[in-house]
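This report walks through some parts of a protein model. Please look at the sequence and the structure first, and keep them at hand while reading.

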Amino acid sequence: KSLMLDVYNPLLRKHVWTDPVYYCFSDDTKILTIDGFKNYHELTYGDLIATVRSDGILEYQHPTNIYKYRYHGKMVHFKNLLNDLLVTPNHQILMVKRGKHYFIQADEVIRRYQLVDMDPHSALGRNSVLGGLGWHDEQVRYIKWVGNDVSHIQIPAVNYGGHPGHNIFDVVPTNLWMKFLGWYLSEGSATFYDGRHRNYVIQLGCNDLTDYRGCLVELGIKFNEVQYTNVPGIRFSSKQIFTYVNSLGKARQKYIPKEVKHLSTPYLQLLLSALLAGDGTKRDQGYIQYNTSSLRLAEDVAEILLKVGYWATINKHTPRDARKSPMYIVGILKSLRGSKLPRPVLVDYNGVVWCVSVPNRTLIVMRNGHITVSGNSYRNAFIKMFKMQPVNIQKKTWNLTGDGILFGAGLKWGQLEEWVG
């Protein structure tokens, strides 16, 4: 059952009819699942949602609830170079202090800023680095990953007119396949020529072929070296490999297979190195970004960066020439421990808001290419708040519980218990 409550909102300074429990993200926020980043309207109860446990390990869980509905009111916007999070005021923000996770409501962050602004010399102001959050209060910017440690990967066999013996291999060493796959996704193409003799051609270009020659030799692939317009390259024919790589999409639709993204960290690092060797931008201090025309591939690379201990942002570059495809630039960020929550602002919003509930109470979301580990909708926390401290709505007061701001609400406990049940 649902129940709309008459609530005094101190931020709006008026009474509003509202549902205090299921407020969460703006409709342009994506969520990380076992199949990659998804929009809210693509979510189902069969999805496995990426969550972060209290010990920092990434874990996938089925949602216990999915919430979607229209919302008209104020939203809290956290925005800087590393953040772009737009949430309803009672959304749970995930923080870490001395290695322990805790939650703080978005409107409580605003309240602390307001208190510090009113009296910067107060105890709260003197002990804060940002809006009443202490020096040890940080965002969760480091994830541990425990993936599948498999030494070989099976490559599906294909039929060569009743001659299965033409398949190059059944299984391949995972480390070699990660090098080849990263090289192909960055620099390769697959073309089928349907003439007198059918050819399934894979072409790869690279300035330095030394490492890749050895990789192909170890894989047992016979190849020819060719010279493309700007760079040397390699060309070979294999229906088996063509079938595999062709399923990963053409240039603007390329992606990394789910089973590959779930390998252990050493294999993901090999894949990432091969991707960056092809389409990475390198400075003196190392690689700083990955460039691709495929949004899905950019999101997959960002996911891998999280799993190998980095952080990532995605920016879209639209060329002036409308005939050219936009490029997606994945920024590669090293350790972000010590990352602070930016000062939030209130903005007007009229649209769909959504969230999911998972047992771990944490989600990995992305808005405008900025990734955040966030809290989720959590029914019991709000019920506890209302039962702890009912507020006198006639006096238009609002008070704090241990979990954050409690908006004054004129409601009867019988109504709430009925709604909870």
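Helix 3 passes helix 5 in a crossing that is right-handed. The model shown here is predicted. Helix 3 covers residues 174-187 and helix 5 covers residues 239-246; the two pack at an angle of about 65 degrees, and their axes are 12 Å apart. On the side of helix 3, the contact is made by Trp 177, Phe 180, Leu 181 and Tyr 184, while helix 5 brings in Ile 241, Tyr 244 and Val 245. Sorted by class, this contact has seven nonpolar residues, no polar residues and no charged residues.

Helix 7 (residues 265-279) and helix 8 (residues 295-307) have axes that come within 10 Å and cross at roughly 135 degrees. This angle makes helix 7 oblique to helix 8. The crossing of helix 7 past helix 8 is left-handed. Helix 7 contributes Thr 265, Leu 268, Leu 271, Leu 272 and Leu 275, which meet Val 301, Ile 304, Leu 305 and Lys 307 of helix 8. By class, the contact of helix 7 with helix 8 has seven nonpolar residues, one polar residue and one charged residue.

In general, strands of a sheet pair through backbone hydrogen bonds.

| Strand pair | Sense | Bridges | A bridge pair |
|---|---|---|---|
| Strand 10 and strand 11 | antiparallel | six bridges | Gln 92 with Gln 105 |
| Strand 10 and strand 12 | antiparallel | three bridges | Val 96 with Glu 138 |

**The turn between strand 10 and strand 11**

Strand 10 and strand 11 form a hairpin with two residues between the strands, and in this hairpin Arg 98 takes a positive phi near 50 degrees. Most residues other than glycine have a negative phi. Arg 98 has its positive phi although it is not a glycine.

Is Arg 98 buried or exposed? Its relative accessibility is 61%, so Arg 98 counts as exposed; the cut-off for this class is over 50%. Gly 99 is also placed in the loop between strand 10 and strand 11. With a relative accessible area of 57%, Gly 99 is exposed. The C-alpha atom of Gly 99 is separated by 8.9 Å from that of Ser 54, and these two residues are 45 residues apart along the chain.

Arg 361 has a positive phi of about 70 degrees, although it is not a glycine. Arg 361 is found in the loop between strand 23 (345-357) and strand 24 (362-367).

**The chain as a whole**

The protein chain has ten helices and 28 strands. Of its 421 residues, 52% count as buried. Among the contacts in the protein chain with a separation of 6 or more, 64% are between residues 24 or more positions apart.

Technical notes: Residues numbered from 1 in each chain as written. Predicted model: local features only at pLDDT ≥ 70, side-chain atom pairs only at ≥ 80, totals over all residues. Heavy atoms only, no water. Axes fitted to C-alpha atoms, helices over the stretch in contact; angles between N-to-C directions. Helix = DSSP H or I, 4+ residues; strand = E, 2+ residues; numbered from the N terminus. Parallel < 35°, antiparallel > 145°, perpendicular 65-115°, else oblique. Left-handed = near helix turned anticlockwise from the far one by under 90°. Contact = heavy atoms within 4.5 Å. Nonpolar A, V, L, I, M, F, W, Y, C, P; charged D, E, K, R; others polar. Pairing = 2+ DSSP bridges. Buried < 20%, exposed > 50% of the residue type's maximum accessible area, 1.4 Å probe, protein only.
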